[in-house]
Amino acid sequence: MTAENSRSRKSAAAGTPAAADGMLPEGASSAWHRLGRWIGATFVRLPYRVTIHHGERIPKSGAIVLVANHSSMVDGPLLFGMVRRSAVFLVKYEMFRGPLGWFLRRIGQLPVRRGEADRAPLMAAMRVLRAGGLVGVFPEGTRGDGVVSNAQHGAAWLARSSGARVLPVVCRGTRRPEGRKRRFLPRVDVLFGEPVTLPEAKGRAGLTAATERVRSELVELLGELDRLTGDERDDCDDCDDDARGNQA
């Protein structure tokens, strides 16, 4: 056995990226990644009543850039636990401090500096996509009201450069409305859209058009989710407030 084969076997046994066939960034552990997904699917969901709509639309394999609206800190961990396949999310750099930063790196998440030209995480994400993996991006770039009034170019650039399809997904209910008290077990609805292929036009204009396509897909999906659950959500919220006087 050669020294290289020996290192590869030891790496796989330790749950490093060699065991994940390139689906995770360098320095991540497939074993820790599975633990992180289990935490997202179990403990992060505990304070909510989560309903997943059209989860069957998540491709089981192939390069995918998952794009989502962003209104709460829990959006990322919730989606991470829902996807049911290896998932690498771009997470704001400020989260990678102390023990949490170590944990995020071990489960395969990538730190990104907002508002800066930081190519390192994009290149790492590109390697994951070219291996057939899934990368999650919040195109708005930061938390807001979740209506996707704007979008950054990163998600579209990754999809176009890697040939990956884009999987839109939207969440409602993780963000507490302004002026509302805390609520017990708020309802959260998550709707997955159909995977789409972005326009192939080249240059800056092509990237701008692709970014707008990403944004419009999310806006349309939000409208679909609101039509699907709006009446039920209003009734449920009023009932929760009257009965418990609490909100998450």
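Let me start with strands β2 and β5. In this predicted model, β2, residues 64-68, runs parallel to β5, residues 134-137, and four bridges join the two. Ile-64 has Leu-134 as its bridge partner in β5, and Leu-66 stands opposite Gly-136.

As background, strands of a sheet pair through backbone hydrogen bonds, either parallel or antiparallel.

How covered is β2? It is mostly covered, with five of its five residues buried. Both faces are involved: Ile-64, Leu-66 and Ala-68 are buried on one side, and Val-65 and Val-67 on the other.

Now the sheet as a whole. What is the order of its seven strands? It reads β1-β7-β6-β2-β5-β3-β4, the sheet is open, and the pairing is mixed. At the edges sit β1, residues 49-53, and β4, residues 110-112, each of which pairs on one side only. Neighbouring strands are turned against each other by 25 degrees on average, ignoring direction.

Helix α5, residues 119-130, packs on this sheet. The strands that α5 touches are β2, β3 (88-92), β4 and β5, and its direction makes about 145 degrees with that of β4.

For orientation, the chain has seven helices and seven strands. Reading from the N terminus, the order is α-α-β-β-α-β-α-β-α-β-α-β-β-α. Of the contacts with a separation of 6 or more, 75% are between residues 24 or more positions apart.

Next, the interior. Nonpolar side chains in soluble globular proteins tend to be buried together. Here, the largest nonpolar core has 32 residues, and Val-65 and Leu-158 have the most contacts inside it. At least two residues of this core come from each of β2, β3, α5, β5, α6 (154-162), β6 (165-172) and α7 (203-244). Which element gives the most? That is α7, with seven residues.

Which residues does it contact, leaving aside neighbours within four places in sequence? They are Val-65, Leu-90, Leu-122, Ala-125, Met-126, Leu-129, Val-135 and Val-137. There is also a second, separate core, of 27 residues, which includes Val-44, Leu-78, Phe-80 and Ile-107.

Back to Leu-158 and its helix. The buried residues of α6 are Ala-155, Ala-156, Leu-158, Ala-159 and Ser-162. Why do they line one face of the helix? Seen down the axis of α6, these buried residues fall within an arc of 165 degrees, so they line one face. Just after α6 comes Gly-163, with a positive phi of about 80 degrees.

Last, the totals. The chain has 248 residues, and 44% of them are buried. Its accessible surface comes to about 12700 Å², and carbon and sulfur atoms account for 51% of that.

Technical notes: Residues are numbered from 1 along each chain as its sequence is written. This is a predicted model: local features need pLDDT of at least 70, side-chain atom pairs count only at pLDDT 80 or more; totals for chains, interfaces and linings use all residues. Side-chain values use heavy atoms; hydrogens and water are left out. Buried means under 20% relative accessible area, exposed over 50%, partly exposed in between (1.4 Å probe, protein chains only). Contact means heavy atoms within 4.5 Å. Accessible areas come from the Shrake-Rupley method with a 1.4 Å probe; for residues, only the protein chains shown count as cover. Two strands pair if DSSP finds at least two bridges between them. Axes are lines fitted to C-alpha atoms, for helices over the stretch in contact, and angles run from 0 to 180 degrees between N-to-C directions. A nonpolar core is a set of buried Ala, Val, Leu, Ile, Met, Phe, Trp, Tyr and Cys residues joined through side-chain atoms within 4.5 Å. The arc is that of the directions from the helix axis to the C-beta atoms.
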